[in-house]
Amino acid sequence: MQARQAAHAYLLLLPAFVLLVAFTHYPAVASLIDSFYSTPKGARPAVWVGLDNYQQMVGDPVFWKAATNNLWFALATIPCSIGLALVMALWVNERIAGRGFLRMAYFTPTVLPMVAVANIWLFFYTPGYGLLEQITGWFGLPSQNWLGDQRTALGAVTVVAVWKEAGFFMIFYLAALQSLNPSLREAAAIEGASRWYFFRRVQWPLLMPTTLFVMVNAVINAVRMVDHIVVLTRGGPDNASTLLLFHLYEVGFRYWDTGYAAALTMVLLAVLATVALVQFFVLDRKVHYQ
Amino acid sequence: MQRKTFNHLIAAAALASLPFGALAQAQTEISFFYPVAVGGPITKIIDEYATEFAKENPGVKVTPIYAGSYQDTIVKALTSNKAGNPPVTSVLLSTDMFTLIDEDAIVPIDNFVKTADDQAWLGSFYKAFMLNSQSGGKTWGVPFQRSTVVLYYNKELFKAAGLDPNKPPTTWAEMADAAKKLTVKDAAGKVTQYGLQIPSSGFPYWLFQGLAIQNGVAMANDNGNAVKFDDPAVIEALQYWIDLTKQGVHPSGIVEWGTTPKDFFEKKVAMMWTTTGNLTNVRTNAKFDFGVAMLPAGKKRGSPTGGGNFYIFKKATPAQQEAAFKFAKWMTQPERAAKWSMDTGYVAISEAAYNTAALKKYGADFPPALVARDQLPFALAEFSTHDNQRVTKALNDGLQAALTGTKTAAQAMKDAQAEADRLLRSYK
C-alpha cells in the first residue's frame with residue numbers, strides 16, 4: 001500500500017522533475033565538467049586542462065572589474081530597492097485619495113520589459129536635451145554625460161535597476177501588510193503607540209518573512225539583471241559598468257570561449273548558492289513567523 | 001513543428017508523384033539566416049527576393065529566417081553549427097570571417113566558381129569590399145550589404161556660422177576649424193551646439209579606424225594575426241580626437257552611437273560621423289538642408305568598410321551549397337544590387353550596379369547617395385583579426401579609457417597592444 005502511494009507520488013512529481021533535470025541540473029553539471037576542459041575550436045577538440053580556466057580568471061582584469069562593479073551594484077540595489085518598496089507599500093496601504101492609481105503607477109516599471117525601460121532611460125540620460133539634463137539645466141548646473149563618464153556610468157545603471165525592482169517588491173510588502181490582523185493596529189492605538197513605534201515594534205517584525213523572501217530575490221536579481229547594461233552602456237566606458245553576467249555573456253557568445261565561460265558560470269553559481277544558504281540558515285532563525 | 005509538417009507534405013507529394021516518375025528534380029531547401037540591422041520594411045524585401053528566386057529556379061526553395069541583430073545571428077548560426085544543424089547560408093558581418101574560419105564552419109566560395117561567367121562575377125565586386133572577404137588566397141564571403149563611414153553636416157548651421165554650405169571640410173585641420181566655428185555657447189558659457197560628434201559607445205574601433213587610416217595606418221594585417229595599436233601614427237590619430245573634446249568642440253566622455261542621429265536632428269551637433277546605412281533615416285528625419293561628404297583627409301583620405309557578407313556553411317549538403325552559391329550570385333546581380341541600394345541606403349557592391357539606369361537616375365536626383373561609392377577607392381577593410389571580438393574589445397577599452405581621460409592616448413594604446421599581442425600569440 002505504502003509502496004503504491006510512493007509510486008503515485010513519484011509519478012505526480014515526474015513532470016516537474018524531468019523539466020528541472022533537463023533545464024537546471026543537467027546544464028549545471030555539464031557546465032562544471034566543461035569548465036575543466038579547453039574550448040573546442042574547429043578541428044581542435046576539447047582537452048582536459050584541469051584548473052586552467054579558473055587560473056585564467058584570477059589573471060583576468062575584466063573579471064575583477066566586473067566582480068567589484070557587481071558588488072557595488074548589489075550593495076546599492078538591494079537595500080535601496082527594498083527600502084523604497086517598503087516605503088511605497090506603507091504609503092499605498094493607507095486610505096488616501098487616488099490609491100489605486102498610485103499602486104498602478106508604482107507597479108508599472110515591473111510590467112515593462114527591461115529593454116524598453118532601458119531605452120526610455122537612455123533618453124533620460126542623453127546629454128544636451130535628455131530629461132535629466134533639462135532638469136539640471138533649470139538650476140544652471142553644468143552638462144553631465146551620465147552614461148559616458150567612468151565615474152557615473154555604474155551609478156546610472158544602478159538607478160535604473162532600483163527603479164525597476166522597487167515596484168515588484170512593493171507588491172509583496174503590500175500583500176503582507178494587508179494580511180496583518182487589524183486588531184493589532186487597534187490595540188496599538190488604544191495603548192497610545194506612535195506610528196513609528198507601531199511600525200518598528202509590530203509591522204516590521206511581522207513583515208520579516210516577506211523581507212527574507214524579497215531579499216533572496218533581490219540578491220539573485222543583482223547578479224541576474226543584464227538587459228539594461230546591453231542597451232545603456234554595453235559595459236563601457238572601459239568596463240566601468242560591466243557586471244558579472246554581462247562579462248559571462250561576452251566570453252560565451254562574443255568570444256566563443258565556452259570553457260572559460262563555463263568556469264565563470266560555476267563561480268557565479270557558487271557565490272549565489274553560498275549567499276542563498278546563508279540567508280536561509282542564518283537569517284531565517286531571526287525571522288518571526290506567525 | 002511547422003517545418004516537420006512541411007517536410008512530411010513534401011515527402012507525401014514526392015510519394016504521390018512516384019508512379020509518374022517525376023522525382024528527377026528533388027526539392028532543395030536552403031535555410032537562410034538574415035540579420036535585421038537597419039530600419040524599414042527590410043524583411044518584406046528579402047521575402048520578395050526569396051519568392052522571385054524560387055520562381056526562376058524551380059526545385060530550389062529559399063527559406064529566410066530573421067535572426068535578430070548581427071550579433072544575435074552569429075550566435076544562432078554558430079550555436080546551431082555546434083549542434084550539427086547550421087543554416088545553409090547566412091548574411092553575417094564581414095569581420096566575422098576569421099571567427100567562422102577558426103570554427104571550421106564555412107567553405108570557400110572558390111569551390112563553386114567553375115565557369116568564366118562565375119569568374120567574371122567574382123571579379124566584379126569593388127576591391128575595397130573583397131579585402132574583408134578573402135584570406136589565405138581564398139574567398140570566404142560574397143559582399144552583400146556593405147557600408148562606409150561618411151560625414152553628415154547641417155547646411156543651415158554652416159550658413160549661420162559663415163561657412164560655405166557647399167564646401168564641407170576636406171582635411172583634419174579644416175574639420176577642427178569648422179567644428180570650432182560651429183560650436184555655440186549660451187550666456188553662461190554652456191555649450192548648446194557642438195561642432196562635431198564621432199560616436200564612441202559600443203564599437204568605437206570602427207569610427208576610430210577611419211582616423212587611423214587617414215593618418216596612414218591599417219591597424220590589422222591581411223592574415224589577421226598582428227595589429228599596430230601602439231604605432232605613433234595611431235596614437236597621433238587618437239590624440240586628434242581627444243584634442244577635439246579638450247577644445248570643447250566635440251562632446252566629452254563617451255558619445256552614444258544610437259542617439260547621435262537624434263542629436264543631429266535636434267541641432268545639438270552640426271556635423272556627425274556615422275554609417276551610410278543611416279542615409280535614408282537622415283533623409284526622412286532631418287528637418288533642414290543637410291549634406292553628406294567623404295571623411296576628411298589626414299595624411300590621406302580613408303574610411304573602413306562595414307556590413308555583411310554571404311557565407312556558405314560547411315555542414316550543408318553539396319546540393320544545398322551549390323544552390324546557396326546560385327542564390328548569392330543571383331542576389332548580387334547589378335540590377336538587384338542597385339535596387340537593394342536604393343531601398344536601404346547600403347552601398348551597391350559593384351561598379352556595374354552603379355552603371356544601371358535606375359541607380360544612375362537615383363544618384364542624379366539625390367547626389368548624397370553616391371558619396372559612399374566615391375569614397376570606396378580610399379576605403380580599407382574593417383578591422384578584423386583572429387579572435388576578433390576579444391582583440392576588438394581590447395582596442396575599444398583602450399579608446400574609451402583615453403576618451404574619458406583615465407589613460408593617456410599613448411598608455412591606452414600600449415595596453416591595448418599588449419593585450420592584443422597576448423591574444424594573437426597562437427595564430428602566428
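Colleague: Which helix is A:I229 found in?

Modeller: In this predicted model, A:I229 sits in helix α11 of chain A, residues 227-232.

Colleague: And why is A:I229 called buried?

Modeller: Buried means under 20% relative accessible area. A:I229 has a relative accessible area of 0%, so it is buried.

Colleague: What is A:I229 in contact with, leaving aside its neighbours within four places in sequence?

Modeller: With A:V157, A:R234, A:G235, A:S241, A:L243 and A:F246. Contact needs heavy atoms within 4.5 Å.

Colleague: A:R234 is on that list. What makes its pairing with B:E256 a salt bridge?

Modeller: The closest N and O atoms of B:E256 and A:R234 are 3.6 Å apart. The cut-off is within 4 Å, for a side-chain nitrogen of Lys or Arg and a carboxyl oxygen of Asp or Glu, so the pair counts as a salt bridge.

Colleague: How many salt bridges does the rule find across the interface of chain B and chain A?

Modeller: Three. There are also twelve residue pairs in polar contact between the two chains, both residues at pLDDT 80 or more.

Colleague: By class, what residues are on the side of chain B that touches chain A?

Modeller: Five nonpolar, twelve polar and 14 charged.

Colleague: How much area do chain B and chain A bury between them?

Modeller: About 2,700 Å², with 51% of it on carbon and sulfur atoms. In chain B, the residues losing the most area to chain A are B:K190, B:R390 and B:K393, together 20% of what that side buries. The contact takes 31 residues from chain B and 32 from chain A.

Key: Residues are numbered from 1 along each chain as its sequence is written. Chains are lettered from A and ligands numbered from 1 in the order in which they are written. This is a predicted model: local features need pLDDT of at least 70, side-chain atom pairs count only at pLDDT 80 or more; totals for chains, interfaces and linings use all residues. Side-chain values use heavy atoms; hydrogens and water are left out. Helices (H or I, at least four residues) and strands (E, at least two) are DSSP runs, numbered from the N terminus. Buried means under 20% relative accessible area, exposed over 50%, partly exposed in between (1.4 Å probe, protein chains only). Buried area is the accessible area (1.4 Å probe) that two parts lose on being put together, summed over both. A polar contact is a pair of N or O atoms within 3.5 Å; within protein, one must be able to donate a hydrogen and the other to accept it, and residues adjacent in sequence count only if both atoms are side-chain atoms. Ala, Val, Leu, Ile, Met, Phe, Trp, Tyr, Cys and Pro count as nonpolar, Asp, Glu, Lys and Arg as charged, and the others, Gly among them, as polar.
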